[in-house]
Amino acid sequence: MPDSAPRSATTSSYSITMRLHTVPDHGVVGRVATEISGHGGVVTAIDVAESSHDRLVVDVTCSSSDAEHFEQVRDAVDAIEGVKVHKVSDRTFLVHLGGKIEVSSKVPLRTRDDLSLAYTPGVGRVSAALARHPEDVPRLTVKGNSVAVVTDGSAVLGLGNIGPGAALPVMEGKAALFKRFADIDAWPICLDTQDVDEIVRTVELIAPGFGGINLEDIAAPRCFEVERRLRERLDIPVFHDDQHGTAIVVLAALLNALRCVGKKVEESRVVVSGAGAAGTAIVNLLQTSGIPDVVVYDRVGCLVPGLAGLSASQEELAQRTNPRGVTGDLRAGLAGADAFIGVSAPGVLPAEWITGMATDPIVFALANPDPEVDPVAAGEYATIVASGRSDYPNQINNVLAFPGVFRGLLDARATEITDEMLLRAAEAIAACVSDDELNPFFIIPSVFDSAVPKAVADAISGKAARG
C-alpha cells in the first residue's frame, strides 16, 4: 500500500536510478510509476533498456526526500509482482566518481613546435623574464586567474569536523562554481592540520602561485585568527567565504526586503542568532551599511558586555552591539525587531514568536540543513521569509557573491579586500532585482542570473585596493 504519511519535498540530491528486471509486460512501467508516486517519490525518467520475449530491463530514475525515503521507494518497487530491483545507482555518487574538476591545457600540444613554445626551451625565456620582472607573474602565468580554496575540514557544511579528505568533494564543488560563474581557475587545498600556525604558514608558502585565497569551512574562532594573520602577511586578497560571502548575500537580501516593506535601513532593528563566523561577519556588514540597532543572540542569551560565559570574540561583539542593552532569551531580543537573521541551529525560533516583532516582520532562517524555523510555518506570521534551501523562495546562496568578488579582485590585481568593497558587492546584488520584479517571494536574484557576477565584479574592481 502507498505510504500516506506527509513528506518534505523531494530533492535531486537524493536521486536514484533503479535497473529493474520485469515480466515482459509493458504495462508494468505504469504500475512502477504509480507505486513510486504513491510512496511520495517523483519519477523523472523511465527508459526500457532491453525488451525480449522473457523479460524487460527498465531503468527508472526518481527523486526522494532523504536516504530513508529512498530505501522505502526501492523496497516498494521491489515488492511489485513481476518486478525485481536488479541494481540501484545513486546519481549524486555517480557525479562524484573520479572527482568533479580537471586540469586542461589552454594551448595546443600536438607538435614539437608546440612543445618548444609551451615547455622547454621556450618556457625558460619566460621564467628568466619573470625573475627580472616579478610584477609580470600574474600576467604571464595562471596566478592572475587562480584562487586557492583552503580548508582544514573542521566545519564542513552541517557535518562538522569531518577532516580534510571528507571535505575534498565540497572544495571541488567550490572550484567548479568558481569556473562556471566567473571563469576562475580554483584549486582545492585540504590541509591535514587544524593548528593555526601550521595553516597560516602553509598558505604563506603556496601563496606565490595564486591571485587570491578563499578560506572555506574552517571553524570559529580559529578562522578569525587565520584570516587576520594571512591578511597581514600576504600581498593578495584573503576572503573567508563562510563569513564574508554569507554576509554579502544576507545584506543584499535584507536591503531588498526592507525596500519591499517600505522600511529604511537607518531606522531598522535586526536580531542576529548565532555569534560564530557567519554571524560575526553579518553583524560587521550590517553595521557598515548603517543599521543602528543590532542585537546578537547565542546560547548564553542576548549578548551584553560582561555576560557570563562569553568567549573573547563574543565579548567583542557585545561591546559594539545591542545599544538598548536587551537581555534574556531570543524572544526578548525579537520584541519590536524588524528582521531576524538566523545562522545558528535548527528550531531555535518558534514560529509564534514572530508575532512579537514589528509590523511586516522579515525572517531569514539560514541554518543548514534544518533552519531555525520551518519556512512554511514562519510564512504564517512573517511578511518575508528567506532560507538557505533551494526548495523555497528567496534562497540565500553564497554563489551570488564569491565568484564575482574574486573576479573583481583578480581583474583589479587587488592586494586586499575591505568592508567598503563588501558593501558595494551587496548593493550590486540587491540592484539586480528591479522594482518591477521585487516582491515578498523574490528579494534576491537567481544564482543563474548572468548579470550578477559581472555586477559584483564591477562593484569590487571599481575602487579595489591595488598594490
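1. Overall make-up. The model is a prediction, and its protein chain holds 17 helices and 14 strands. Of the 467 residues of the protein chain, 48% count as buried, and the C-alpha atoms fill a box of roughly 75 × 75 × 45 Å along the principal axes. Among contacts between residues at least 6 apart in sequence, 68% join residues at least 24 apart.

2. The length and course of α7. Helix α7 runs over residues 163-182, and at 1.5 Å a residue its 20 residues should span 28 Å, which agrees with the 28 Å that separates its end C-alpha atoms. Following α7 comes Asp-183, whose phi is positive, near 55°.

3. The packing of α7 on α15. Two packed helices are described by the angle between their axes and the distance between the axes. For α7 and α15 the angle is about 70° and the axes are 9 Å apart; an angle from 65 to 115 degrees counts as roughly perpendicular, and these two helices are therefore roughly perpendicular to each other. The crossing in which α7 passes α15 is right-handed. On the α7 side the contact is made by Lys-174, Leu-177, Phe-178, Phe-181 and Ala-182, and on the α15 side by Phe-402, Pro-403, Phe-406 and Arg-407.

4. Cis peptide bonds. The bond from Thr-120 to Pro-121 is cis, with omega near 5°, and Pro-121 sits in the loop between α4 (112-118) and α5 (122-132). The bond from Ala-220 to Pro-221 is also cis, with omega near 0°, and Pro-221 belongs to the loop between β7 and α9 (222-233).

5. Positive phi in loops. Asp-360, in the loop between β12 (339-342) and β13 (362-365), has a phi near 50°, a positive value in a residue other than glycine. Arg-413, in the loop between α15 and α16 (419-431), likewise has a positive phi, near 50°. Are these residues buried, partly exposed or exposed? Asp-360 is partly exposed, with a relative accessible area of 34%, and Arg-413 counts as partly exposed at 40%.

6. The surroundings of Ala-386. Ala-386 is found in strand β14, which covers residues 384-387, and with a relative accessible area of 1% this alanine is buried. Leaving aside residues up to four places away in sequence, Ala-386 touches Val-363, Phe-364, Ala-365, Leu-366, Pro-393, Asn-394 and Ile-396. Ala-257 lies 129 residues away from Ala-386 in sequence, and their C-alpha atoms are 9.6 Å apart in space.

Note on methods. Residues numbered from 1 in each chain as written. Predicted model: local features only at pLDDT ≥ 70, side-chain atom pairs only at ≥ 80, totals over all residues. Heavy atoms only, no water. Helix = DSSP H or I, 4+ residues; strand = E, 2+ residues; numbered from the N terminus. Expected span 1.5 Å × (residues − 1). Axes fitted to C-alpha atoms, helices over the stretch in contact; angles between N-to-C directions. Parallel < 35°, antiparallel > 145°, perpendicular 65-115°, else oblique. Left-handed = near helix turned anticlockwise from the far one by under 90°. Contact = heavy atoms within 4.5 Å. Buried < 20%, exposed > 50% of the residue type's maximum accessible area, 1.4 Å probe, protein only.
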